[in-house]
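Hello,

I am handing over a structure that will be new to you. Please have a look at it, and then read on for what turned up.

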Amino acid sequence: MSSTFETQMEKMKSADGFIAALDQSGGSTPKALRLYGIPDDTYKVGERSMFDAVHEMRSRIIMSPSFNGDRILGAILFEDTMDRKIENKATATYLWEEKGIVPFLKVDKGLEEEKDGVQLMKPMYLTELLAKAKKAGIFGTKMRSLILLANDHGIKKNVDQQFAIAKKICAEGFIPIIEPEVNIKSPEKEEAEAILKICLMESLNKLGPDEKVMLKLTIPTVDNLYMDCIRHPNVVRVFALSGGYSRNEANSHLSRQDGMVASFSRALTEGLKTTLMADEFDTMLDNSIGTIFFASKAGI
């Protein structure tokens, strides 16, 4: 009989679908709540009232009948969401046992100030967090850094930092999602992506045979730029982030990328409002999931 980890790994490697990114953290949560229709004056930023509000939003999404493992491979959670329950089950347990969705955990703690055209990740203290994630049944992690300009030195530092931490995460038995996002508004987006691809391949080639990773990348200006990464033996899957594109724009760009599937956040929840009745909410979410699913499948 396969272990849960092996079953989840097989799903992530080969099943149709995409990852739902539900990992808005302290910095991005107010905007997510505003888009959902919850006014700023109904909670205090960074305090329990804010996390209560966003957990209610995430729970409503996760509990929707349309949110299931038939079209969704995994879901990325913020630490506070992992620590909470849905229908009296720990969130990660609920996702896997009730929905058939593989749970991931956002582990980065935000970004440093820009230097050399990039923003590296702030220091993170993984030992305690990964121990907690292991107990919670988390399969993998996700960490985001940012690339703003086509600076060779900066991009190399960005990728080196991501892979150094990814190796530590692999050693603890998790599958890390490496996300060096290229800003879609960068005036040097295409050039930055070309440098990023070279740095990614150099780092992938240095991994040991048992160090498996996933990549979450901005949809490239040059279609299928990351095909060598997709085919790399150490890469389980390559995901596309929506990066500020509307859902229609993100789906259109993604559908041209062979082998990339979505890991959308704002594009997934676009249009969802707290005031929607249950059937309206579920219908809108079902449509969103459906369009992202088919855009992801188009390039496979």
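Two strands count as paired if DSSP finds at least two bridges between them. Keep in mind as you read that this is a predicted model.

With that definition in hand, let me start with strand 10. Strand 10 and strand 11 (residues 260–264) are joined by three bridges, so they count as a pair, and the two run parallel. Within this pairing, Val238 stands opposite Met260 of strand 11. Strand 10 also pairs with strand 9 (residues 213–218): five bridges link them, again in a parallel arrangement. Here Thr218 is the residue that faces Leu241 of strand 10. How many residues of strand 10 are buried? Seven of its seven are, and the strand, which spans residues 235–241, is mostly covered. As you look at it, remember that side chains in a regular strand alternate between the two faces of the sheet.

Next comes the largest pocket. Its volume is about 1,100 Å³, and 41 residues line it. Nearest its centre are Gln24, Ser28, Arg144, Ser265 and Arg266. Two or more lining residues come from each of helix 2 (29–36), strand 7 (140–147), strand 8 (175–182) and helix 11 (266–269). Which element gives the most to the lining? That is helix 2, with four residues.

Ser66 sits in the loop that runs between helix 3 (48–63) and strand 2 (72–77). Is Ser66 buried or exposed? Its relative accessible area is 7%, and because buried means under 20%, Ser66 is buried. Its side chain makes a polar contact of 3.0 Å with the side chain of Ser64. Leaving aside residues up to four places away in sequence, Ser66 touches Arg71, Asp282, Leu285, Asp286 and Ile289.

Finally, look at two backbone angles. Asn88 is not a glycine, yet it has a positive phi of about 65°. You will find Asn88 in the loop between strand 3 (85–86) and strand 4 (89–90), and it counts as exposed at 74% relative accessibility. Asp116, also not a glycine, has a positive phi of about 55°. Asp116 belongs to the loop between strand 5 (102–106) and strand 6 (118–119), and at 28% relative accessibility it counts as partly exposed.

Enjoy exploring it!

Best wishes

Key. Residues are numbered from 1 along each chain as its sequence is written. This is a predicted model: local features need pLDDT of at least 70, side-chain atom pairs count only at pLDDT 80 or more; totals for chains, interfaces and linings use all residues. Side-chain values use heavy atoms; hydrogens and water are left out. Buried means under 20% relative accessible area, exposed over 50%, partly exposed in between (1.4 Å probe, protein chains only). On a 1 Å grid over the protein atoms alone, a cavity is a set of points where a 1.4 Å probe fits but cannot get out, and a pocket is an open set with protein on both sides within 12 Å along at least five of seven lines; lining residues have an atom within 4 Å of a point. Grid points are joined across faces, edges and corners, and a volume is the space filled by probe spheres set on the points. A polar contact is a pair of N or O atoms within 3.5 Å; within protein, one must be able to donate a hydrogen and the other to accept it, and residues adjacent in sequence count only if both atoms are side-chain atoms. Contact means heavy atoms within 4.5 Å.
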